[in-house]
Amino acid sequence: MAGESLRSSGRIFINSMRSTYEHLGMVLYISLVWFALAFLPGTFFISFARQAPCLLTFLLVFLVIVFLAAPMSVAVCSVAQALLNREDPGMGDLWRRFRAHYWLTVKASAAMLTLLIVLVVDIVFFLSSSRRIVQWIAVPWFYLLIYWLFMTLYIAPLIAREQVTLLELLKRAALLVLDNLVVTVALLLEVLLVFVLCWLLQFPVFVLQGGVLALLLVTALNEVLGKYEKKALEEPEEELEEV
């Protein structure tokens, strides 16, 4: 089981890199837009909040991520999904998809960030206690924080793939992590690898980061969901054989 999951993770990374090469022009375009409207504003306000930590600066970070960075990231994932579907999207499609997924992305990112704040505050609260037994209570909250991190890998590609309610979106992301833990861990490592390579190699690789990550996440979701689609097709065939 783990061996198949690792092979699946390898296919995800190889196929996403191949797709990056095949659609290099569009990947460069969506990466540049993502860099300008998601990465730069997000990192600027996070850096500002670190230098001047207060409620106002943290609120600014929250608003920038929820209303700008997250919707742009989902739009990039949506274009990446279109590339994998051989739809040949144009430059204007990025903005159309930005509008189409905007409000669901805002609600989802607000919910995920709120959950992150609650988890971090609880962990800090328990760890700051002088009693060892209270500090140990932080352990399950730390695992929940890791689980939250895994869920974030599926949120954007799920929104890009289909329109669902917020509750359904969060439920699907949570179930995908539970049922594909090895693939999800490997996916997180691959995302970190892309980040490290982009930082080490700098320009021009750095400006490809958004598109490469989007293709990686979308390819991973397609790979995972393909497993369930294959099972769904096999079950009717098995029933017919029994008859």
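This is a predicted model: local features need pLDDT of at least 70, side-chain atom pairs count only at pLDDT 80 or more; totals for chains, interfaces and linings use all residues.
## Nonpolar core

The largest nonpolar core holds 64 residues. M72, L94, Y154 and L169 have the most contacts inside it. Eight helices each supply at least two residues of this core: α2 (24-51), α3 (55-84), α4, α5, α7 (138-161), α8 (166-179), α9 (181-201) and α10 (209-242). The largest share comes from α10, with eleven residues.

L169 is one of the residues with the most contacts inside the core. Leaving out residues up to four places away in sequence, L169 touches L104, A108, I155, L158, I159 and V164.

## The largest pocket

Rolling a probe the size of a water molecule over the atoms shows where empty space is left. Here the largest pocket has a volume of about 1500 Å³. Its lining counts 44 residues. Closest to the pocket centre are I65, S73, L113, W148 and T152.

Which elements give two or more residues to this lining? They are α2, α3, α5, α7, α9 and α10. Helix α3 gives the most, with twelve residues.

## Helix α9

Helix α9 has 21 residues. From its first C-alpha to its last, α9 reaches 30 Å, close to the 30 Å expected at 1.5 Å a residue. Its buried residues are V183, T184, A186, L187, L188, E190, V191, V194 and C198. An α-helix has 3.6 residues a turn, so residues three or four places apart point the same way.

Just after α9 comes Q202, with a positive phi of about 60°.

## H101, between α4 and α5

H101 sits in the loop between α4 (91-100) and α5 (102-127).

The side chain of H101 makes a polar contact of 3.3 Å with the side chain of S78. Leaving out residues up to four places away in sequence, H101 touches V74, S78, I159, A160 and Q163. I159 is also among the residues that L169 touches.

## The loop between α3 and α4

Two residues with positive phi lie in this loop. R86 is found between α3 and α4, and its phi is near 60°. D88 is placed in the loop between α3 and α4 too, with a phi near 55°. Neither residue is glycine. Most residues other than glycine have a negative phi, and most peptide bonds are trans.

How does accessibility class these two? R86 has a relative accessible area of 61%, so R86 is exposed. D88 has 69% relative accessibility and therefore counts as exposed. The cut-off for exposed is over 50%.

## S8 and its partner E223

S8 is found in helix α1 (residues 2-22). Its relative accessible area is 8%, so S8 is buried. Which residue's side chain makes a polar contact with the side chain of S8? E223 does, at 3.1 Å.

Apart from residues up to four places away in sequence, S8 touches V183 and E223. V183 is one of the buried residues of α9.

## Contacts across the sequence

Q81 lies in helix α3. Q81 is buried, because its relative accessible area is 7%. Where the chain separates Q81 and V218 by 137 residues, their C-alpha atoms are separated by 6.1 Å. With residues up to four places away in sequence left out, Q81 touches R161, V218 and N222.

L115 belongs to helix α5. L115 has 37% relative accessibility, so L115 counts as partly exposed. L115 and L145 are 30 residues apart in sequence. In space, the pair is 9.0 Å apart, C-alpha to C-alpha.

Conventions: Residues are numbered from 1 along each chain as its sequence is written. Side-chain values use heavy atoms; hydrogens and water are left out. Helices (H or I, at least four residues) and strands (E, at least two) are DSSP runs, numbered from the N terminus. A polar contact is a pair of N or O atoms within 3.5 Å; within protein, one must be able to donate a hydrogen and the other to accept it, and residues adjacent in sequence count only if both atoms are side-chain atoms. Contact means heavy atoms within 4.5 Å. A nonpolar core is a set of buried Ala, Val, Leu, Ile, Met, Phe, Trp, Tyr and Cys residues joined through side-chain atoms within 4.5 Å. Buried means under 20% relative accessible area, exposed over 50%, partly exposed in between (1.4 Å probe, protein chains only). The expected span of a helix is 1.5 Å times one less than its number of residues. On a 1 Å grid over the protein atoms alone, a cavity is a set of points where a 1.4 Å probe fits but cannot get out, and a pocket is an open set with protein on both sides within 12 Å along at least five of seven lines; lining residues have an atom within 4 Å of a point. Grid points are joined across faces, edges and corners, and a volume is the space filled by probe spheres set on the points.
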